[in-house]
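Work through the exercises below with the model open. Each task is followed by a worked solution.

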Amino acid sequence: MDVKTTFLNGELYDDVYMNQPQGFIMLGNENKVCKLVKSLYGLKQAPEVVLLSGYLLNQAYKCVYSKFEEFGKGVIICLYVDDMLMIFGTDQVQVDLTKEFLSSRFSMKDMGDADVILGIRIKHEMSTPMNTSEKLRPNNGQVVSQL
């Protein structure tokens, strides 16, 4: 899914400041900062609609959001900059409802299945590469930088 201008037009509800961009530093005002009036790519406030609609931010991978209902039905959204790389889940109806909801909030275009992400080719005909009965647990170790 390609989401047009999602993050560029995001409303800011808190005061957010940034350093002057390199190459645009005002002479005589080198130690001043810029106050943002609209959201920029990468700000933590950007995916606000996803969070307000009940999705939880994955603490290990800050670009993954999930929402699970009773009986294990749920949806996972993987974001990258202004694209929703993947919207998938345990129930196609829930996936379709999620796409409809997001399309009602943002101008979106379904680009079909992703073939390449960050130079990595994706093969859709592969089966799940791990035991599906495996129980995943939260990592209680030290947080690793996502940079």
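pLDDT is the predictor's confidence in each residue, from 0 to 100. This is a predicted model: local features need pLDDT of at least 70, side-chain atom pairs count only at pLDDT 80 or more, and totals for chains, interfaces and linings use all residues. Residues are numbered from 1 along each chain as its sequence is written, and side-chain values use heavy atoms, with hydrogens and water left out.

**Exercise 1. Confidence**

Task: State the mean pLDDT of the chain, then find the elements with the lowest and highest mean pLDDT.

Solution: The chain averages 76. Of its residues, 78% reach 70 or more. Now go by element; helices (H or I, at least four residues) and strands (E, at least two) are DSSP runs, numbered from the N terminus. Strand 1 (residues 2-4) has the lowest mean, 60. Strand 5 (residues 64-68) has the highest, 90.

**Exercise 2. Helix 2**

Task: Check the length of helix 2 and locate its buried side.

Solution: Start with the length. The expected span is 1.5 Å times one less than the number of residues. Helix 2 has 14 residues (92-105), so it should span 20 Å. Its end C-alpha atoms are 20 Å apart, which agrees. Next, burial: buried means under 20% relative accessible area, exposed over 50%, partly exposed in between (1.4 Å probe, protein chains only). Val95, Thr98 and Leu102 of helix 2 are buried. They cover an arc of only 60° around the axis, so they lie on the same side of helix 2. That arc is taken from the directions from the helix axis to the C-beta atoms. The face turned away from the buried side carries exposed Gln92, Val93, Glu100 and Ser104.

**Exercise 3. A salt bridge**

Solution: A salt bridge is a side-chain nitrogen of Lys or Arg within 4 Å of a carboxyl oxygen of Asp or Glu. The whole structure has one. Lysine 35 and aspartate 15 meet at 3.4 Å, N to O. Lysine 35 sits in strand 3 (residues 33-35), and aspartate 15 in the loop between strand 1 and strand 2 (17-19), 20 residues apart. Aspartate 15 is exposed, at 53% relative accessibility.
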